[in-house]
Amino acid sequence: MLPLVALVGRPNVGKSTLFNVLTRSRDALVHDEPGVTRDRNYGVCRLDPERPFVLVDTGGIAGSEEGLAGATARQSRAAAEEADLILFVVDGREGASAIDDEILSWLRKVDTPTFLVVNKVDGLDAQAALAEFARYGIKEVLGVSSAHKQGLDALMARTMAVLPRDGDTEILDNDPERVRIAFVGRPNVGKSTLVNRILGEERMIASDVPGTTRDSIAVDLERDGRKYRLIDTAGLRRKGRVEDAVEKFSIVKTLGAIEQCQVAVIMLDAVEGVTDQDASVLGAVLDAGRALVVGVNKWDGLTDYQREQNEQLLSRKLAFVDWAEAVRISALHGSGMRELFKAIHRAHSSATRQFTTAETTKALEIAYETNPPPVVRGHVAKLRYAHPGGDNPPTFIVHGSRLRTLSDSYRRYLENFFRKRFKLVGTPVRFLFKEGE
Ligand code: GDP
Ligand code: GDP
C-alpha cells in the first residue's frame, strides 16, 4: 500500500489548492479529456516519482456531532488517524482562529506525526506569520504558498523524511515476462468473483508472493503459458478477513494497486453502466499512465435488447478511452475469460513496446506530410524528429519549432496516427514537445 498523507484544516485555508498542486499530473492534456472525473478528495502525489503517496483532503475535522457535518468530521478524523502523516493547514493571513484551536486540541489526542503548514505566506513576512502559531507547540512548521507554489520543495523534503519507505517492493517484479495486473472497480461489480474464478482455475500454480501477506497481497499465476502477478485488490483478500467497513480505505488500496500494476482491468457492472465512481477510477488509471482493459461484467444478466443498448451507451461513455479494449464477461459463469486475458496481453505488449528513433521519426514525417499543421497567425509549426522517451506508457519526444502553435486537435491527430501505425491498443500514449534542436 502507498503511504497516506491527510490534509486537515478548517474551510478556506487553502487545502484544496494545496491538494491540486501536489496531485496534478505532469500531463496537462490528460486532465482536459471530457468524460474523465477526478476524485476531489483522494489523489496520488508523484512529485517524487520514486515515492508516490496518496493524499486525502479531509473536509473539516471540526463539526458538530449531529447531521452531515458530524458525519464528515467523523470520516475526516478516521482518515487522519489512519494516515502516516497529517498536514495541519492554517491560514497565514488570517492567523489562528477558534476553529484552528479546536482542531489542534483534537490533533493532540492522535499520535499521527503532524506538520503545521502555514499557507498563503505569499507577500507576507513569513517569520511573523509562523510566529503567530508558535504557541501551538508543533515542532515542524512550514510556511508555504499553495497558490504561488512557494515552499513546496521543503514541504516535500520533510514529508519524504517522515513517510515510510514502500515495504512492498517485492511486488514490483523485475521479471519482464511477468505481467502485473490489478482488477479495480467499485464495490459489487464482481472483482472477488472474477479473481476467485481465475485462482480457482489455476489453483495448482498460483502462489502468494513472499513478503506480501500483510495488507497488500499479491498472487502469481500462469495461464496459457504466460506469467502474471495479481496485485492487491479487494478480491484478493482471503475469506474470513475482516472487510474494511469504510469505503475510503478501499480507495486508498485501489490507488496503490493502480500504481503498482502494469495493466489495470477496470471492472464495470453491465447492468449499471459507467457510474461517476467508475469514471473516477478511470481518471486514476489515466493519471498513473497505466495500460487499461475494461471488463464489462455480469453480461449474463442482460437480454439481447439490453445488450444492444448497453453497447451503445458504453462506447459513448468510454469515448475518451476509445483506445482501450472492452471485453464482455461473466465472472459468475466464467465466460469471456480467454478474451479478457488476450486483451490484457495486447495492452501489456503495446505498453512495453520498444521503439527506435528511426521508426518514430519516420512516423512523424509521414504524419506531417499527410496532414501538416495549420497556419496560425502566419506561422506554422515545424516538426523535425521524434525519439522514444520511455515505455509504460509509450512516450514520444517530438522536437521542432513553434510547437506552442500546435492545437489540441493536431496533437490528438499525431497520437492517433502513431497508435495506428504502431498498432498500439490498450495503453495511453504520451507526447512531449521540445522546442529547438
Ligand atoms: P479549502 O477550503 O481549505 O480547500 O481552501 P481553498 O483551496 O478552496 O482556498 C480558499 C481560498 O484561498 C481561495 O480563494 C484560494 O484562491 C485562496 N488561496 C489558497 N491558497 C492560497 C495561497 O497560497 N495564497 C493566497 N494568497 N491565497 C490562497
Ligand atoms: P466485488 O465487491 O467487486 O468483489 O464484487 P463480488 O465479486 O463480491 O460480486 C458482487 C455480487 O455480484 C455477488 O452477488 C456476485 O455473485 C455477483 N456477480 C459477480 N459476477 C457476476 C456475473 O458475472 N454475473 C452475475 N449475474 N452476477 C455476478
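Where is N188 found? N188 sits in the loop between β7 (178-184) and α7, and point 6 returns to this residue.

1. Basis of the model. This is a predicted model, in which local features need pLDDT of at least 70 and side-chain atom pairs count only at pLDDT 80 or more, while totals for chains, interfaces and linings use all residues. Residues are numbered from 1 along each chain as its sequence is written, and chains are lettered from A and ligands numbered from 1 in the order in which they are written.

2. Confidence. The protein has a mean pLDDT of 86, with 84% of its residues at 70 or more, pLDDT being the predictor's confidence in each residue on a scale from 0 to 100. Over residues 211-216 the pLDDT is below 50, and this stretch has 13 contacts in the model beyond near neighbours in sequence, a contact being two residues whose C-beta atoms, placed from the backbone, lie within 7 Å. Residues 237-247 also have pLDDT below 50, with four contacts beyond near neighbours in sequence. Where pLDDT is low, the predicted coordinates should not be read in detail. The model scores are ipTM 0.87 and pTM 0.84.

3. The two ligand shells. Ligand 1 is surrounded by 15 residues, of which G14, K15, S16, T17 and A147 are the closest; a residue is taken as near a molecule if its C-beta atom, placed from the backbone, lies within 6 Å of it. Helix α1 (residues 15-23) supplies the largest share of this shell, three residues. Around ligand 2 there are 17 residues, with G190, K191, S192, T193 and L332 the closest, and helix α7 (residues 191-201) gives the most to that shell, again three residues. By class, the shell of ligand 1 has three nonpolar, nine polar and three charged residues, and the shell of ligand 2 has five nonpolar, nine polar and three charged.

4. The six-stranded sheet. This open sheet has the order β2-β3-β1-β4-β5-β6 with mixed pairing, where strands are DSSP runs of E with at least two residues and helices are runs of H or I with at least four, numbered from the N terminus, and where two strands pair if DSSP finds at least two bridges between them. Its edge strands are β2 (42-45) and β6 (140-143), each of which pairs on one side only. Strand β1 (residues 4-8) pairs with β4 (residues 85-91) in the parallel sense over four bridges, and L7 stands opposite L87 in β4. Helix α1 lies across β1, β2, β3 (53-57), β4 and β5 (114-119), running at about 160° to β3; axes are lines fitted to C-alpha atoms, for helices over the stretch in contact, and angles run from 0 to 180 degrees between N-to-C directions.

5. The three-stranded sheet. Here the order is β14-β15-β16, in an open sheet with mixed pairing. Strand β15 (residues 395-401) and β16 pair in the parallel sense over six bridges, and I397 stands opposite L432 in β16. The peptide bond from N392 to P393 is cis, with omega near 5°, and P393 lies in the loop between β14 and β15.

6. Positive phi values. Most residues other than glycine have a negative phi, and most peptide bonds are trans. K120, in the loop between β5 and α5 (126-131), has a phi near 65°, and N188 has a positive phi of about 75°. K120 counts as buried because it has 23 C-beta neighbours inside 10 Å, whereas N188 counts as partly exposed because it has 13; the cut-offs are 20 or more other C-beta atoms within 10 Å for buried, 12 or fewer for exposed, and partly exposed in between, with C-beta atoms placed from the backbone.

Terms used:
Ala, Val, Leu, Ile, Met, Phe, Trp, Tyr, Cys and Pro count as nonpolar, Asp, Glu, Lys and Arg as charged, and the others, Gly among them, as polar.
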